[in-house]
Amino acid sequence: MESGFGSDFGSDFGSGGGGGGGGKLDPGLIMEQVKVQIAVANAQELLQRMTDKCFRKCIGKPGGALDNSEQKCIAMCMDRYMDAWNTVSRAYNSRLQRERANM
């Protein structure tokens with residue numbers, strides 16, 4: 001998935017003119033691609049942190065399979081983590097909107 005973003009992003013710089021001077025960069029398109037890449041990186045980081053925290057909390061002895069209590073613990077831990085992240089994210093976005101409105 002990341003390689004697709006990288007190749008799309010890189011291809012915009014060389015498109016449009018065989019001679020090198022004919023291609024124009026679209027700043028809006030570049031910004032959108034950067035925003036998508038940041039969103040993907042943030043989602044990956046969230047998933048990694050959630051996995052690390054819930055694994056440490058729920059898995060006593062790693063093995064070939066999870067028992068029922070480990071499965072329930074992982075599911076509940078991930079649910080709580082996502083709920084907390086969503087709550088913080090909504091509060092943060094709300095605050096940003098209020099501060100932008102006051103400027």
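## A left-handed link

The link of Cys58 and Cys73 is left-handed, with -70° about the S-S bond. Their sulfur atoms lie 2.0 Å apart and form a disulfide (a pair of cysteine sulfur atoms within 2.5 Å). This pair links distant parts of the chain, with Cys58 in helix 2 and Cys73 in helix 3, 15 residues apart. Helices here are DSSP runs of H or I with at least four residues, numbered from the N terminus.

A word on the source: this is a predicted model, in which local features need pLDDT of at least 70 and side-chain atom pairs count only at pLDDT 80 or more, while totals for chains, interfaces and linings use all residues. Residues are numbered from 1 along each chain as its sequence is written, and side-chain values use heavy atoms, with hydrogens and water left out.

## The other disulfide

How many disulfides does a search of the whole structure find? There are two. Cys54 and Cys77 form a disulfide too, with sulfur atoms 2.0 Å apart. The torsion about their S-S bond is about -85°, so this disulfide is left-handed. Cys54 in helix 2 and Cys77 in helix 3 are 23 residues apart. Counting bonded cysteines along the chain, the pattern is 1-4, 2-3.

## Buried or partly exposed?

Cys54 is buried, because its relative accessible area is 1% (buried means under 20%, exposed over 50%, partly exposed in between, with a 1.4 Å probe and protein chains only). Cys77 is buried at 8%, and Cys58 is buried at 9%. Cys73, at 22%, counts as partly exposed.

## The nonpolar core

Which residues make up the largest nonpolar core? They are Met50, Cys54, Cys58, Ile59, Ile74 and Cys77, six in all. Such a core is a set of buried Ala, Val, Leu, Ile, Met, Phe, Trp, Tyr and Cys residues joined through side-chain atoms within 4.5 Å. Helix 2 gives the largest share of this core, three residues.

Cys54 and Ile74 are 20 residues apart in sequence, yet 5.9 Å apart in space, C-alpha to C-alpha. Leaving aside neighbours within four places in sequence, Cys54 is in contact with Ile59, Ile74, Cys77 and Met78 (contact means heavy atoms within 4.5 Å). By that same rule, the partners of Cys58 are Glu70, Cys73, Ile74 and Cys77.

Notes. Helices (H or I, at least four residues) and strands (E, at least two) are DSSP runs, numbered from the N terminus.
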